[in-house]
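Here are a few exercises to work through with the model open beside you. Try each task before reading its solution.

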Amino acid sequence: MKTHGFLYEIIMVDDGSNDDSWSVIQGLAKENPIKAIRFNRNYGKSAALNVGFKQTKGEVVITMDADLQDSPDEIPELYEMIKSGNHLVSGWKKKRHDPLMKTIPSKLYNRATRVLSGIRLNDFNCGLKAYDKKLVKTLDIYGEMHRYIPVIAKRNGFTKITEKVVEHRARKYGTTKFGLERFVYGFLDLLSISFVSRYKKRPMHFFGALGTLSFVLGFVFVLGIIWEKIRAIYILSTKDYRDVVDQPMFFLALAAIIIGVQLFLAGFIGEMMVMNSHKRNDYIFDETIGLDQ
């Protein structure tokens, strides 16, 4: 579509809703050239965004939830902020109209994400965001990872991330799906993203380092216990000593050695999986000359 000299497209994703959302979308499609996708069941917000991202063709992509808590009036400024060179602009619901059971966990979540990611945003999970097309085409999200799109963007090399204070309206329709379990799952996804982003292509650096440390510590303790027995028998000539197998530390040291070997083997297996993965060289190009990207 084209309006005020701008070309744009509207893509709606119905995440398996059980109300009349699809009927409304069908009615809108009869009067407007919109694109729409309907899931056969609820797969979650990450899945809906991921599918929508794959369908987009524009240079600037703006996402918005359908609960009408975000204002479309924010779109022009978000668009200009991307065109001025930002890779991602995240909305900041500075004044929220949500219950405490949602706002308090959200503050804890945002603080934890800032600390672990180093990204200075106040609201990582705001649905109103603007993206550069290059960034959007590198995203592959699932689970609860939509909460951490800024973190994934930084991992992919898109570091021009900022935020904009946006209007947040009280919810009039529908009910929130937020619960304590989503906060827990979201935190686990953050740990997963942090780990994968750092060790995706070099698992041996993580498992090998831990395995070597565990093995060396266990081996040193075993040698120390054996040396104490040898010292007591042959140097001090005393019988006042405990046998090696009577000491709990001996078995803890053996366990550390075994765990160390297992971690080291896990690193080797991880390296072999990376070597045989078709995505082992999935590097992102910024620009090229004379090549087909």
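A salt bridge here is a side-chain nitrogen of Lys or Arg within 4 Å of a carboxyl oxygen of Asp or Glu. By that rule the count comes to six salt bridges. The model is predicted, so local features need pLDDT of at least 70, side-chain atom pairs count only at pLDDT 80 or more, and totals for chains, interfaces and linings use all residues. Residues are numbered from 1 along each chain as its sequence is written, and side-chain values use heavy atoms, with hydrogens and water left out.

**Exercise 1.** Find which parts of the chain the salt bridge between Lys164 and Glu74 links.

*Solution.* Start with the distance: the side chains of Lys164 and Glu74 meet at 2.4 Å, N to O.

**Exercise 2.** Work out what surrounds Asp123.

*Solution.* First locate Asp123: the loop between helix H4 (100–117) and strand S7 (129–132). Asp123 is buried yet has no salt bridge, with Lys93, the nearest side chain of opposite charge, 4.0 Å away. Now look at the backbone: the nitrogen of Lys93 lies 3.2 Å from a polar side-chain atom of Asp123.

How values were computed:
Helices (H or I, at least four residues) and strands (E, at least two) are DSSP runs, numbered from the N terminus. Buried means under 20% relative accessible area, exposed over 50%, partly exposed in between (1.4 Å probe, protein chains only). Lys and Arg count as positive and Asp and Glu as negative; His and the chain ends are not counted. A polar contact is a pair of N or O atoms within 3.5 Å; within protein, one must be able to donate a hydrogen and the other to accept it, and residues adjacent in sequence count only if both atoms are side-chain atoms. Contact means heavy atoms within 4.5 Å. Lists of a residue's contacts leave out its neighbours within four places in sequence.
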